[in-house]
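The following note sets out points for a colleague who has the sequence and the model to hand. It begins with one pair of side chains and then widens to the chain as a whole.

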Amino acid sequence: TDELQSMGVHTDDIVHVTVPGALEVPLALQALAQQEEPPFHALVALGCIIRGETYHFELVANESGSAITRLALDHGLPIANAILTTENEAQAIARQHDKWRDAARVAVEMALLMKTLS
């Protein structure tokens, strides 16, 4: 939220929603994308998938990523995907701030671009 605010997004325009896991992110994004009031100009998906001992890691990463892309295209709404995929918690902690700050910038830049293109 700090990065969004530094780019001129008002605190009242930031909505934070928490879901239990990465596979649930697309459904929450879809609900937000379908809201008419207030209309969103962009969304940001934040989270982390940490590799375990099974193939489940790849399934979760691939399915959540492709669903987020599909939602963005279906709704014509920029969605910055900042769901990290890491080997362990230490990597997640090391990468989270830069990646999530970048996602905030992408969301604002894409929202402005879409406004220009429409």
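1. D102 and R105 share helix α4, where three residues, about one turn of the helix, lie between their positions. Helices here are DSSP runs of H or I with at least four residues, strands are runs of E with at least two, and both are numbered from the N terminus. The two side chains form a salt bridge, with the closest N and O atoms 3.1 Å apart; the term denotes a side-chain nitrogen of Lys or Arg within 4 Å of a carboxyl oxygen of Asp or Glu. D102 is partly exposed, at 38% relative accessibility, and R105 is likewise partly exposed, at 31%. In this note buried means under 20% relative accessible area, exposed means over 50%, and partly exposed lies in between (1.4 Å probe, protein chains only).

2. The model is predicted: local features need pLDDT of at least 70, side-chain atom pairs count only at pLDDT 80 or more, and totals for chains, interfaces and linings use all residues. Residues are numbered from 1 along each chain as its sequence is written, and side-chain values use heavy atoms, with hydrogens and water left out.

3. The whole structure contains five salt bridges. Another of them joins R101 and D98, at 2.5 Å from N to O. These two residues are three apart in helix α4 and therefore separated by about one helical turn. Both R101, at 31% relative accessibility, and D98, at 45%, count as partly exposed.

4. Helix α4 (residues 89-117) also holds V106, which is partly exposed at 40%. V106, M110, L113, M114 and L117 make up a nonpolar surface patch with about 420 Å² of accessible area together. Patches consist of residues with over 30% relative accessible area and no salt bridge, joining like charges within 9 Å and nonpolar side chains (Val, Leu, Ile, Met, Phe, Trp, Tyr) within 5 Å; areas come from the Shrake-Rupley method with a 1.4 Å probe, and for residues only the protein chains shown count as cover.

5. The largest nonpolar core has 18 residues, of which L29, L43, I49, I68, I79 and I83 touch the most other members. Such a core is a set of buried Ala, Val, Leu, Ile, Met, Phe, Trp, Tyr and Cys residues joined through side-chain atoms within 4.5 Å. Two or more residues come from each of α2 (25-34), β1 (43-50), α3 (56-75) and β2 (79-86), and α3 gives the most, with six.

6. S64, in helix α3, is buried at 2% relative accessible area. Beyond residues up to four places away in sequence, S64 touches A22, L23, P26, I49 and I83, contact being heavy atoms within 4.5 Å.

7. R51 sits in the loop between β1 and α3 and is partly exposed at 33%. The C-alpha atoms of R51 and H41 are 32 Å apart, although ten residues separate the two along the chain.

8. Overall, the elements run α-α-β-α-β-α from the N terminus. Of the 118 residues, 31% count as buried.
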